[in-house]
Amino acid sequence: MTLTHTASLDQGKPKFSELLAQPEVRQRWEKVRKYFFLRESTYDMSNRCNLRCDGCYYYEGEKQFAVENSSVEAWRQLMRDEKKRGITYVVLAGAEPSLVPERLEVCFQEIPLGSIATNGLKKIPESVGYKIHISVWGNDETSFRVRKAKDLLIKQIDNYRNDPRAVFVYTFTRNNIDEVREVAGGLVAEDCRLTFNVFSSPVGYAGPLRHDEESLKRVQAAMMALLEHYPQNVLFSAYNAMAHTHKSSLHDLYTCLYPRQNRSQDLGLGRSFRQYRADLNWDRSAACCVPDTDCADCRHYASGSAVVTARLFRHAQESATFKSWLDYVDTYLAVWVMGYPKGENLCAEPVSPPGT
Ligand code: SF4
Ligand code: SF4
């Protein structure tokens, strides 16, 4: 999550002060801008997983072959070096990070803002105070089919019920759209919070989970219905739904700034973002938050947290798109930052991304 704090507007468009004229808009701007200091990098904590899911991006490409560095002190030193480099936010992913809790502990001790992507089968110790994103790919029947995991949702809820770190991330594939009501109802009954992801195909993947235009429209309708139905538990906005289910990918809509797509090393993500493998090496040419994802199909929630939020300037040309952008940033801070409360959305209807 890397925001930009430069905004200069086109002539003839409203001045920035005019966009902030409504008190609730100004308040939201003041609330989100405090987080412009966030500078992320991501880290594969392990190359092992206790599941093997169809469509997993980790086991595509070369990263799965990195030899794990199991020295806790090497991880501590990496975090210290990262802090010196200006990194203020870490995304710990994998394969499965819950299998290496001692590495998570040292990361938290050195850089206390961050999040962990986990399948939720094994509980991460409460002493690790990061946000925890628990991946949900459908109901238990679907999880068994796609992830070979029995009673997965029950185990995930048992591990993370009443845990302020936890956000359940429902990944919409082409095949699980109708199940989301049942799954969301079950999570809300346990007072869990949830957000949405959209399956983005790994390079070369042509399997049944890949979306088409029709499935993306159905996903958007399902997101909007649940947002309306469970406004307290669903961390999302109408603009999130629009951006992630558009027929064009995030890269086509906003131009991705992660190094894998962006050659410039001058500013923001291009300068600071790295994606470390489990052996603590990194490769600029492959660096993004979801490497080995097909950029033409990239609608991943983690990508949006940087790709959309970094585009303040494009959204600050008009009131409805600016409010939508504020909703988007507010949503992502609530999903990614401990203690950040989601505000009421400013824009109830999906507006089109700028330039479309
Ligand atoms: S749980 Fe995550 S890392 Fe493990 S196989 Fe499934 S998608 Fe891949
Ligand atoms: S996969 Fe997504 S986040 Fe990664 S480089 Fe491509 S467009 Fe950017």
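Student: Is the crossing of α8 and α9 left-handed or right-handed?

Tutor: Happy to take you through this one, with the reminder that the model is predicted. The crossing of α8 and α9 is right-handed. To picture the pair, start with the general idea: two packed helices are described by the angle between their axes and the distance between the axes. Here helix α8 covers residues 213–229 and helix α9 covers residues 238–245, and the two pack at an angle of about 165° with their axes 9 Å apart. Angles over 145 degrees count as roughly antiparallel, and α8 and α9 are therefore roughly antiparallel to each other. On the α8 side, the contact is made by Leu216, Val219, Gln220, Met223, Met224 and Leu227. Facing them from α9 are Ala238, Ala241, Met242, His244 and Thr245. Sorted by class, this contact of α8 with α9 has eight nonpolar residues, three polar ones and no charged residues.

Now let us step back to the chain around the pair. The chain holds 14 helices and seven strands, and its C-alpha trace spans about 55 × 45 × 40 Å along the principal axes. For 356 residues, a compact globule would have a radius of gyration near 21 Å, and the 19 Å of this chain agrees with that. Buried residues account for 56% of the 356 residues. As for how the chain contacts itself, take the contacts between residues at least 6 apart in sequence: 74% of these join residues at least 24 apart.

Key:
Residues numbered from 1 in each chain as written. Chains lettered and ligands numbered in written order. Predicted model: local features only at pLDDT ≥ 70, side-chain atom pairs only at ≥ 80, totals over all residues. Heavy atoms only, no water. Axes fitted to C-alpha atoms, helices over the stretch in contact; angles between N-to-C directions. Helix = DSSP H or I, 4+ residues; strand = E, 2+ residues; numbered from the N terminus. Parallel < 35°, antiparallel > 145°, perpendicular 65-115°, else oblique. Left-handed = near helix turned anticlockwise from the far one by under 90°. Contact = heavy atoms within 4.5 Å. Nonpolar A, V, L, I, M, F, W, Y, C, P; charged D, E, K, R; others polar. Rg over C-alpha atoms; globule rule 2.2 N^0.38 Å. Buried < 20%, exposed > 50% of the residue type's maximum accessible area, 1.4 Å probe, protein only.
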